[in-house]
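Colleague: I would like to learn how to read charge features in a model. Please go through them one at a time.

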Amino acid sequence: MAVKKVTKLEIVESIYQKVSCEKYVVQEVLDDFLLELKNALKEGSTIELRGFGTFEPRLRKGRECAHNPKTGETLSVAPHYVAAFRAGQELKKALWDLEPAKHE
């Protein structure tokens, strides 16, 4: 069974069904939330969403000798930051008993 992807539009629709405001307002709030997350990470801040998890910028070491798997070309990669996520306890507990057949 393939893993189901949930899109931002589906999240907006789901929230819209639960609250009493216009869909475009839900869309704007979600977009603003994601923009705030991105801006905080760009500033080097860690974002802690209690009960869900933590987003943080993490430094990846550079490499002098890396390979492009598609072309086989050798290149160097400078040190750079990536966004990392650590799941919180509540999220871990919620996913612990997920059946493998449903997730695969």
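Modeller: Helices (H or I, at least four residues) and strands (E, at least two) are DSSP runs, numbered from the N terminus. This is a predicted model, in which local features need pLDDT of at least 70, side-chain atom pairs count only at pLDDT 80 or more, and totals for chains, interfaces and linings use all residues. Residues are numbered from 1 along each chain as its sequence is written, and side-chain values use heavy atoms, with hydrogens and water left out.

Colleague: Where does Glu43 lie?

Modeller: Glu43 sits in the loop between helix H2 (23-42) and strand E1 (47-49). Its relative accessible area of 65% makes Glu43 exposed; buried means under 20%, exposed over 50%, and partly exposed in between (1.4 Å probe, protein chains only).

Colleague: How many salt bridges are there?

Modeller: Side chains of opposite charge can pair when their charged atoms come close. The rule asks for a side-chain nitrogen of Lys or Arg within 4 Å of a carboxyl oxygen of Asp or Glu, and the count comes to 6. One of them joins Glu13 to Lys23, with the closest N and O atoms 2.5 Å apart. Glu13 lies in helix H1 (residues 8-18) and Lys23 in helix H2, so this pair ties together parts that are 10 residues apart in sequence.

Colleague: Which residues are linked in a network of salt bridges?

Modeller: Glu56, Arg58 and Arg86 are. Between Arg86 and Glu56, the closest N and O atoms are 3.4 Å apart. Arg86 belongs to strand E5 (residues 80-87) and Glu56 to strand E2 (residues 53-60), so the pair ties together parts 30 residues apart in sequence. Glu56 is buried at 16% relative accessibility, while Arg86 is partly exposed at 44%.
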